Each structure stands twice: as structure tokens, then as C-alpha cells.
Amino acid sequence: MKQFDLEEERIKQEIIKLGAKRVLIQLPEGLKPEAPYLSKIVEKTGALPIVSADPCYGACDLASADAEALGVDLIIHYGHSKMLKYERVPTIYVEARATLNVEDVVEKALPMLEKWRKIGLTTTVQHVQTLDIVREMLLRAGKIVAIGDAGRLNYAGQVVGCDYSNAKSIAEGVEAFLFIGGGRFHALGVALATSKPTIAADPYEKRVFSVNEEAEKIVKQRWASIQEGERAKSFAVLVGLKPGQRKLEEALMIKEKLEDKGKTTCLLAVKEISPEILMEFPSVDAFVNTACPRVSIDDSSRFKKPLLTINEALVVVGELSWEELCRKGWFEN
Ligand code: SF4
């Protein structure tokens, strides 16, 4: 059995229902190995499958322009829930829910949660279907459980790399968070967004760990970047070209505020933010990233110069205090 539900029957039926002749399949990195298998599934409907080989880290990155360039009449976007309100090309989202059982790893997490009674529960879209089971397990262990639904995301308890509103909405009433999902980043995001102890339960690696020390290190590193930003004379404000990362108005607002503070500032449009791309601009002392905040927080050690988020840039220009930034968070603005 596959680790993720690829919803093969649903995609075949949708292709037939919509009469799609040419289909662009977009896959996150972990699902790219399924490209040949999914192409065969699409071919069975009589449609032509084309797989996007470009990186895809979120539903912000819908390949609408590529689909239009290729004359595609349907995008099948795997691994994320819908984010954009309007799609230029008809799009089916396949959230790729994990088929793994999470009970073992939650059982392992219980001793690490021992010192807290009120627990907030968060996860990514791949595991939202497990939250009822996890809640029951925590209740049986004598915990009080809260699952946030701030209404911005598709599911209660869901977090995405740049939106922790569900966790923040319940943070005041809980003592710690339990995050269900793979990797460290989303759990770190919960800890950074809420300043609460956060335990990650990873059902893929069957591992349970605290992310608090790492979150503290990141906070110190962000403070150092802001101080470097304050000393910087020349800035570039990055404008994302991916549909859900395009924040031109915010970029213009930051540019104006930096210039009011006497900093020289230019705008750079960018699809993928990488150290190699930014190294092409050696006269720039610091960058402001209005595109994907995850790149600033998760990958900061790869960059030689400060790569500030919008809220951090507001601290540099004196519009936000460090304390307000810590309350507001690094991700949402
Ligand atoms: S964290 Fe970045 S890649 Fe993920 S959804 Fe947000 S903008 Fe997109």
C-alpha cells in the first residue's frame, strides 16, 4: 500500500467529466517518484499527461502560466490544499492524505507531554484525518485538548509553512503543542508562532522530539539578521513571481519605508530564492523577502546576507518593536 492516497479513481473521473485533453500534473518533491505511475493513470482516460519537473513547495505555486503556455486544460496539483481563490486554469487538488497510522508515535509522545495538561493539536493537511483519533488518545491520558480553527485554512488544526493562525488562535489557552507530521519545519513554525513548548510526533520516522531549543536558536539568529539589516545601506526587496507569493503592494510599502530611512532600495522579481541568485547582486547589503517566509526562516544559514521577512523589515524601519514581532510572528503579516 502506498504511503499517500493518490486518489487515482477521482482524478480519472474528474478528467473524463471535464473532458480534459491535456493535463499538467504538479507534484511536491516527495511525490515526484510517482510521476510515471500517475502519467499512466491519466493516459488511461485518453488525455495527454505532462508532469511539471519544477520544484513545488506549496499551493501558492500553482503552475497556471506553464499550463497556459502548454495549452493545458486541467492542472492536477498534488500534496497541498487549495490556497488561491481564483485559478486561471481549472485545477483539481489532491491533498495526498497519509495512509500511515499515527497511534504508535502519539503513544511515544505521551511521556514527553507529561508536565502539561492543556495541549494544542496541530498538523499538516496530510494528517488532518487523524486529529480525532489523536484527540481521543490525549483525552484518555487526562489531557485537555484544543484544536484551533481561525478560519483561514481549509481544516481545523491545519498549519502550512506560512500560516499558523490555527495554532495562534488557541495558544493563550494551552500550555504546549503536539504537532503530528513529518520533518522539523512545521513543528518549529508552531513553536515560533506561539512561543509555546512544541513536541513533534513524526509518523514516517516514528520519532518524537522537542523543537524548543532549535526555535530559540532561530529567534537569536533572526535578531542578529535584523541588527545587520539596521546597519545595511543598500536593500533589495524581493517580489515573488509565484501566484500565491506575489505581494507587490507590500514590497512597494517596504521600499518606501526603507527609503524614508535613507536606505537605497531596488525591487527584484524572483521565482526561486536561492543563495546563487542573490549572489548576483553583490552591492546589496540586505534583502527583504516578501515572497515565501519559509525561505528566510528555514534556510537562513545558506544565505550570506540578511534575508528579512516583511515583519522583520518593519522592525528595521522602526514600525514594529521586537516584542511586537515576537507576538505577531515571523510568518503572517
Ligand atoms: S510557506 Fe512558502 S511554499 Fe509554503 S505555502 Fe507558504 S509561500 Fe508557499
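## Two helices that cross

A crossing is right-handed if the near helix is turned clockwise from the far one by less than a right angle. Helices H7 and H8 of this predicted model cross in that right-handed sense. H7 covers residues 185-194 and H8 covers residues 212-231. They pack at an angle of about 65°. Their axes lie 9 Å apart.

Which residues make the contact between H7 and H8? H7 supplies Leu188, Ala191 and Leu192. H8 supplies Asn212, Glu214, Ala215 and Ile218. By class, this contact has 5 nonpolar, 1 polar and 1 charged residues.

## The sheet

Five strands form an open sheet in the order E6-E5-E7-E8-E9. The pairing is mixed. Strands E6 (144-146) and E9 (207-210) are the edges, and each pairs on one side only. From one strand to the next, the twist averages 25°.

Strands E7 (residues 176-180) and E8 (residues 198-202) run parallel and are joined by 4 bridges. Leu178 has Ile199 of E8 as its bridge partner. Helix H7 also packs on this sheet. H7 touches E5 (118-123), E7 and E8. The direction of H7 makes about 155° with that of E7.

Key: Residues are numbered from 1 along each chain as its sequence is written. This is a predicted model: local features need pLDDT of at least 70, side-chain atom pairs count only at pLDDT 80 or more; totals for chains, interfaces and linings use all residues. Axes are lines fitted to C-alpha atoms, for helices over the stretch in contact, and angles run from 0 to 180 degrees between N-to-C directions. Helices (H or I, at least four residues) and strands (E, at least two) are DSSP runs, numbered from the N terminus. Two residues are in contact if their C-beta atoms, placed from the backbone, lie within 7 Å. Ala, Val, Leu, Ile, Met, Phe, Trp, Tyr, Cys and Pro count as nonpolar, Asp, Glu, Lys and Arg as charged, and the others, Gly among them, as polar. Two strands pair if DSSP finds at least two bridges between them.
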